[in-house]
Amino acid sequence: MDKKAWIKYLMLTLTVVLGIIATNTKFAAASEEPHYVITTDTTYPPFELQDKNGKYVGIDIDILKAIAKREHFTFKLVPMSFNSGAQAVLSGQIDGIMAGMAITPARKLVYDFGTPYYKTGVITAVAKNSSIKSLNDLRGKTVALKTGTGAAAYALTIQKKYGFKVTYFNDSNTMYNDVALGNTVATFEDEPVMKYAIQNGVKLKVLTKPANSGYYGFGVKKGHNQALIEKFNAGFAAIKKDGTYDKIVAKYIGAEESTFAGSAKVNNSIWGLLNQNKSQFLAGIGQTLMLTILGIILATIFGMVIGLLAIVPNKISHGFASTVIYIFRGLPLLVLAFFIYIGIPSLTGHKLSALFSGLLTLTLNEGAYIAAFVAGGLKSVDNGQMEAARSLGLSYWKAMRKVVLPQGVKLMVPSFINQFIITLKDTSILSAIGIIELTQTGTVIISRNSQGFRIWFLVAMMYLIVITLLTFLAKWADKRFGNN
Amino acid sequence: MTAKVSVKDLHKAYGDNEVLKGINLEVQENEVVVMIGPSGSGKSTFLRTLNKLEEPSSGEILINGFNLVDKNTDINKVRENVGMVFQHFNLFPHLSVLENVTLAPVELGKLSKEEAKTLGMQLLAQVGLAEKADAKPTQLSGGQKQRVAIARALAMKPSIMLFDEPTSALDPEMVGDVLQVMRDLAEEGMTMIVVTHEMGFAKQVADRVVFFADGYIREQGTPEEVFNNPQDPRAQDFLNKVLNV
Ligand SMILES: Nc1ncnc2c1ncn2[C@@H]1O[C@H](COP(=O)(O)OP(=O)(O)OP(=O)(O)O)[C@@H](O)[C@H]1O
Ligand SMILES: [Mg+2]
């Protein structure tokens with residue numbers, strides 16, 4: 001490529017990225033009513049679940065909608081794992097959390113809660129066929145807890161007394177399954193949620209009476225978004241008074257899930273599931289592809305620059321590049337994603353969209369790997385090539401561009417294709433910061449229909465198909481443009 | 001007349017290893033200087049300081065009047081005037097033979113693409129490889145590669161040519177063609193500094209033979225003087241070995 005083509009390429013990429021960031025943030029500017037970003041759990045029926053169209057419903061969601069309508073504000077709902085959502089509120093990324101969050105003294109230190117809206121308690125559940133009769137039977141066994149929940153915190157307070165071990169899950173359905181399959185012997189869960197799950201076919205039974213009873217509350221970061229809390233409280237008082245609240249609760253408690261989520265018995269064949277969830281899967285694949293392709297383009301630019309800095313004969317640039325590679329290759333992708341999405345806004349006070357954070361994460365992490373093999377590839381080009389080019393009077397950069405890079409890039413092609421595939425797979429980790437890509441799409445669909453095996457099979461097939469297509473494309477492009 | 005190349009008290013060390021220990025040499029326009037000497041004596045190192053592929057530790061180097069040791073000298077400008085031919089050719093494998101030759105004049109804005117092509121074909125004809133213009137370097141024999149490398153260096157119209165054992169990596173039957181090209185160049189009046197073990201070439205073409213040993217120039221003179229009547233014991237010893245195999 002000559003200089004002009006490179007610049008065009010770069011401009012195009014930047015335009016696309018800026019476009020995405022802009023569309024991502026434009027919601028706030030568009031409406032005159034105050035607009036909030038509110039997180040909820042990906043799955044916590046009956047408080048949050050998806051209806052058959054993939055729309056979120058449930059006690060929490062319906063309450064929130066009723067209040068928003070009365071109090072004249074709009075909100076964007078961002079479903080995330082409970083724990084990530086709770087952190088995102090504290091970092092200022094997200095304005096509020098409505099996710100069946102129990103009001104505890106510890107949480108009151110960092111959150112401000114609205115009027116308590118639902119009374120709850122923690123119960124213990126075991127597999128239907130379990131021989132466990134009381135908490136005393138848990139000694140030495142492992143129980144399943146959901147990360148960051150009040151039920152988990154309660155379990156830990158009695159852990160010493162009953163002598164059980166714990167393991168953690170981010171998602172209720174996976175956790176229930178684990179207990180039902182016997183991998184773990186029991187779980188601690190909020191009463192309404194557990195009862196609702198059992199009523200809807202989860203193969204568990206309740207072992208204990210509700211303990212540690214308390215209330216759910218709508219939370220914001222302490223000292224922030226006070227207007228939102230006031231609106232919530234005013235609206236809540238109103239819907240309590242006029243009976244809307246009771247209607248909402250009655251609608252979900254004691255109801256079969258199929259009322260909202262469609263009959264679970266219909267069409268649970270692979271094709272049926274594929275058809276039912278077509279649009280969600282397509283959206284997930286689209287998001288995954290977008291993250292992969294933009295991610296690899298940005299990572300390639302970043303990696304090329306750092307890789308070049310790593311080989312120029314200059315100690316400072318060399319040290320800088322090595323440090324960058326060391327840090328971003330060393331950090332697990334998930335840690336980096338959380339650090340950028342939750343950590344940076346806590347430090348700077350500026351929100352970063354999940355998509356921007358995700359792309360930045362991919363750019364830095366995949367870019368560090370690319371930088372390492374770019375540097376390696378360039379180093380493996382015989383030094384005589386650089387010397388011959390320099391001896392003709394070409395400058396270092398001209399010699400690099402015209403002589404060393406073309407040969408080095410050819411050596412790097414297999415590594416690039418490999419990194420492309422890795423990037424595609426790594427995008428699934430970004431579901432942790434609330435990006436609904438293909439993996440998260442799978443989680444969300446399963447939370448609705450409990451068809452774990454079949455959905456994961458479909459998701460796996462989709463990854464394989466996409467990877468095959470992308471690999472094919474990359475190899476074709478290499479043949480077509482690489483070896484001229 | 002000022003010298004094309006003027007080197008004064010040149011030292012070069014790699015860490016503690018002093019490879020050049022005070023070299024003085026002047027090369028006049030049109031002169032052909034052949035450098036001989038045992039392996040490791042510093043011949044290549046010396047040659048490579050003349051176009052600053054190696055940075056000298058101390059001393060003075062003037063090329064066409066440009067002071068190489070001066071940081072303000074634009075080394076790329078100096079190099080345009082100093083062609084170099086390497087033992088291992090170092091052709092650019094991703095480019096065709098003709099593109100190898102035209103790369104530098106086009107990239108450095110000396111010639112348009114068309115002009116460079118014309119010149120390139122002319123130079124390839126001069127080294128007897130016009131019909132290989134579109135071939136890739138990997139399709140050439142060693143001797144052909146080295147002749148392309150010479151054509152590539154000549155494309156910048158240098159006034160000085162440096163050769164570092166241009167025939168050492170070649171099969172014996174290829175050596176003649178390459179030496180013939182160099183002989184032609186010498187006859188046209190090119191200023192040349194050649195490191196080689198080809199004593200026949202030295203006797204025939206060199207105006208001066210310079211003998212290197214242990215980082216010093218131990219002996220220099222006309223080919224007759226150096227080959228027939230060497231004064232330095234090391235030179236006597238070396239010539240004994242290479243001439244009477
Ligand atoms: N880049 C380098 N780093 C360290 N030492 C070097 C380097 N290049 C050359 N030397 C050392 O400098 C000395 C002279 O090497 P040089 O290549 O100049 O010898 P030469 O006379 O060309 O030998 P030959 O006939 O084998 O090519 C050798 O001892 C060599 O090991
Ligand atoms: Mg040598």
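1. In chain B, Asn30(B) is found in the loop between strand 2 (17-27) and strand 3 (32-36), where strands are DSSP runs of E with at least two residues and helices are runs of H or I with at least four, numbered from the N terminus. Asn30(B) has a positive phi of about 70° although it is not a glycine, and with a relative accessible area of 45% it is partly exposed (buried means under 20% relative accessible area, exposed over 50%, and partly exposed in between, with a 1.4 Å probe and protein chains only). Most residues other than glycine have a negative phi, and most peptide bonds are trans.

2. On the basis of the note: this is a predicted model, in which local features need pLDDT of at least 70 and side-chain atom pairs count only at pLDDT 80 or more, while totals for chains, interfaces and linings use all residues. Residues are numbered from 1 along each chain as its sequence is written, chains are lettered from A and ligands numbered from 1 in the order in which they are written, and side-chain values use heavy atoms, with hydrogens and water left out.

3. Asn64(B) lies in the loop between strand 4 (58-63) and strand 5 (66-67) of chain B, and at 27% relative accessibility it counts as partly exposed.

4. Arg218(B) belongs to strand 10 (residues 216-221) of chain B and, at 28% relative accessibility, counts as partly exposed. Leaving aside residues up to four places away in sequence, Arg218(B) touches Phe211(B), Ala213(B), Asp232(B) and Arg234(B), a contact being heavy atoms within 4.5 Å. Ile193(B) is 25 residues from Arg218(B) in sequence, and the two lie 17 Å apart in space, C-alpha to C-alpha.

5. Turning to chain A, its secondary structure comes to 20 helices and 13 strands, and of its 484 residues 53% count as buried. Among the contacts in chain A between residues at least 6 apart in sequence, 77% join residues at least 24 apart.

6. Five strands of chain A form an open sheet in the order 4-1-5-13-6, with mixed pairing (two strands pair if DSSP finds at least two bridges between them). Strand 4 (74-80) and strand 6 (111-113) of chain A each have a single partner strand and stand at the edges, so one side of each is left without a neighbour in the sheet. Strand 1 (residues 35-41) of chain A runs parallel to strand 4 of chain A and is joined to it by seven bridges; the partner of Tyr36(A) in strand 4 is Phe75(A). Helix 2 (residues 59-71) of chain A packs on the sheet, touching strand 1 and strand 4, and its direction makes about 165° with that of strand 4.

7. Which residues of helix 3 (residues 82-90) of chain A are buried? They are Phe82(A), Ser84(A), Gly85(A), Ala86(A), Ala88(A) and Val89(A). This helix is followed by Gly92(A), whose phi is positive, near 90°.

8. Pro46(A) is found in the loop between strand 1 and strand 2 (49-50) of chain A.

9. Helix 16 (residues 354-379) and helix 18 (residues 396-426) of chain A pack at an angle of about 145°, with their axes 8 Å apart (axes are lines fitted to C-alpha atoms, for helices over the stretch in contact, and angles run from 0 to 180 degrees between N-to-C directions). The residues of this contact divide into 13 nonpolar, six polar and two charged, where Ala, Val, Leu, Ile, Met, Phe, Trp, Tyr, Cys and Pro count as nonpolar, Asp, Glu, Lys and Arg as charged, and the others, Gly among them, as polar.

10. Over all chains there are 17 aromatic pairs (rings of Phe, Tyr and Trp, the last by its six-membered ring, pair if their centres lie within 6.5 Å; planes under 30 degrees apart count as stacked, over 60 as edge-to-face and the rest as tilted). Tyr111(A) and Phe113(A) form a tilted pair, 5.9 Å centre to centre with 40° between the planes; Tyr111(A) is buried at 5% relative accessible area, and Phe113(A) is buried at 15%. The rings of Phe236(A) and Tyr245(A) have their centres 5.4 Å apart and their planes at 80°, so this pair is edge-to-face. Phe236(A) and Tyr245(A) also belong to one aromatic cluster, whose members include Tyr44(A), Phe47(A) and Tyr117(A).
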